[in-house]
Amino acid sequence: MNTIFGPVYSRRFGASLGIDLSPGRKQCNFDCLYCELAPAKAIMAQHDVIPLNTVVADLKKALNEHPSIDVITITANGEPTMYPHLRELVERIDTIKGDVQTLILSNSACLSDPAVFEILLRLDQVKLSLDAATPEVFKKIDRPAEGIHVEAIVEAIQRFSRVFKGKLFIEILFVKGVNDTPGEIAALNRALREVACERIDIGTIDRPPAYPVEGLSFTELHMIAGLFDPALPIHIVSRTHAHATPSTYDDDEILNTLDKRPLTRDDIEALFDVDTLHRFETLCSEGKIAQIERSNVIFYLPAKNIARKRSK
Ligand code: SF4
C-alpha cells in the first residue's frame, strides 16, 4: 500500500507530496463530528503500523519522480503524531529532502506529550487544529479518546508557539450549533491571543461529515471572524466562498469592514457586489487600501492600519 499521495497543489502551501501514516484505515485519537472519514472509535495508539523503511522508500521514489515540489506534508487517515516512528521518520526525511520544506497536519492532541512536542519543533511548518477551548464543546465536537483534555492542548499550543522557529498555522473548523456560540468563540479568542502564529484558518464542513451535522455559510463565518481580536491573523478558507451572497458597501463601509478584519481577494469577491468591487479598486488605486502578504496569502486592509499588523 503506497503511503505517498500527490503532488497536491495549494495556494497556501504550494506543491505538496503527502505522506499518509495510516493508509489502511482511520486511526485517530479523535472521532470528530465533521470528519471526512467514516466514524471510528477514538484510540490512543496505532494498531496497524506501517514500517518506517516502507514510508522512507515510498518517499524517496516519489521525490525522484517529482523533483520540484515545495513541501512534504506528513498526514494520516487519522492523527499522524500517533505514528510510533515519527521521530525516526522526521530524521530520515531531513537527510533526503534537500531544500523541500516539511509540514505536519495535526489535531494537537499529542502536543502535550514532550516527545511529540520536541519532534514537531524540528519541522519547517506545523498546522495545528483547535476547534474548541472549553471542555464541554471540545468533547462534543472532537469526541476525543479518554484522557485527552483541551486545557492541556491549549497550554501546549501556546507553549509551542513561543519556541517554534518555523511557521505555525492554526485551524478551526466550525460546526453549526456546536462551536459557533459567542461564548465558545470568546474562549477560543482568549486561548489564541497567547499563540504567536502565521495564520488562523477558519472554515466549515465542505465534504460529507461522519455524523449528521451542518456547516456555516460564508456570511456566518465572516461574522465569527469579526468576533475575534482584530490583532489575530484570521483567514476564512476559500472553499466556503461559493455559498456567499455579495452585498453593497459604500466607501466608508468598505474601509470599516477591512478595519475590523483584513480580507483576502476571495473574501472580497464573496462579500462585495460588482459596484462595491469597483469602489474597492478605486480605494486601492487611491492608496487608501494596502496589501500585506502572510505565508503566500495576500490580505487587504486600510493603508493606515499597516503599522498595526501583528508579526510573529
Ligand atoms: S482529527 Fe482528523 S482524522 Fe481524526 S477524527 Fe478528527 S477530522 Fe477525522
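**Close-ups of a predicted model**

**View 1. Helix H2 and its buried side.** In helix H2 (residues 86–96), the buried residues are Leu86, Leu89 and Ile93. Look down the axis of H2 and these buried residues sit within an arc of 55°, so they line one face of the helix. After H2 comes Gly98, with a positive phi near 65°. Keep in mind that everything shown here is a predicted model.

**View 2. The eight-stranded sheet.** Eight strands make up an open sheet with mixed pairing, ordered E1-E2-E3-E4-E5-E6-E7-E8. Strand E1 (4–10) and strand E8 (234–236) stand at the edges with a single partner strand each, so one side of each has no neighbour in the sheet. On average, neighbouring strands of this sheet are turned by 25° against each other, ignoring direction.

**View 3. Where E3 meets E4.** Strand E3 (residues 71–75) and strand E4 (residues 101–106) run parallel and are joined by four bridges. To get your bearings, pick out Val71, which stands opposite Gln101 in E4.

View 4. Around the ligand are Cys28, Phe30, Asp31, Cys32, Cys35, Leu37, Gly78, Glu79 and Asn107. Sorted by class, that shell has five nonpolar, two polar and two charged residues.

View 5. Leu232 belongs to the loop between helix H7 (218–227) and E8. Setting aside neighbours within four places in sequence, Leu232 is in contact with Leu192, Arg193 and Ile200. Arg261 is 29 residues away along the chain, and its C-alpha atom is separated from that of Leu232 by 9.0 Å.

**View 6. Thr282 in helix H10.** Thr282 is part of helix H10 (residues 274–285). This residue has 13 C-beta neighbours inside 10 Å, so Thr282 is partly exposed; exposed would mean 12 or fewer. Asp251 is 31 residues from Thr282 in sequence, yet the C-alpha to C-alpha distance between them is 9.4 Å.

Conventions: Residues numbered from 1 in each chain as written. Predicted model: local features only at pLDDT ≥ 70, side-chain atom pairs only at ≥ 80, totals over all residues. Pairing = 2+ DSSP bridges. Helix = DSSP H or I, 4+ residues; strand = E, 2+ residues; numbered from the N terminus. Axes fitted to C-alpha atoms, helices over the stretch in contact; angles between N-to-C directions. Near = placed C-beta within 6 Å. Nonpolar A, V, L, I, M, F, W, Y, C, P; charged D, E, K, R; others polar. Buried ≥ 20, exposed ≤ 12 C-beta atoms within 10 Å, placed from the backbone. Contact = placed C-beta atoms within 7 Å. Arc of directions from axis to C-beta.
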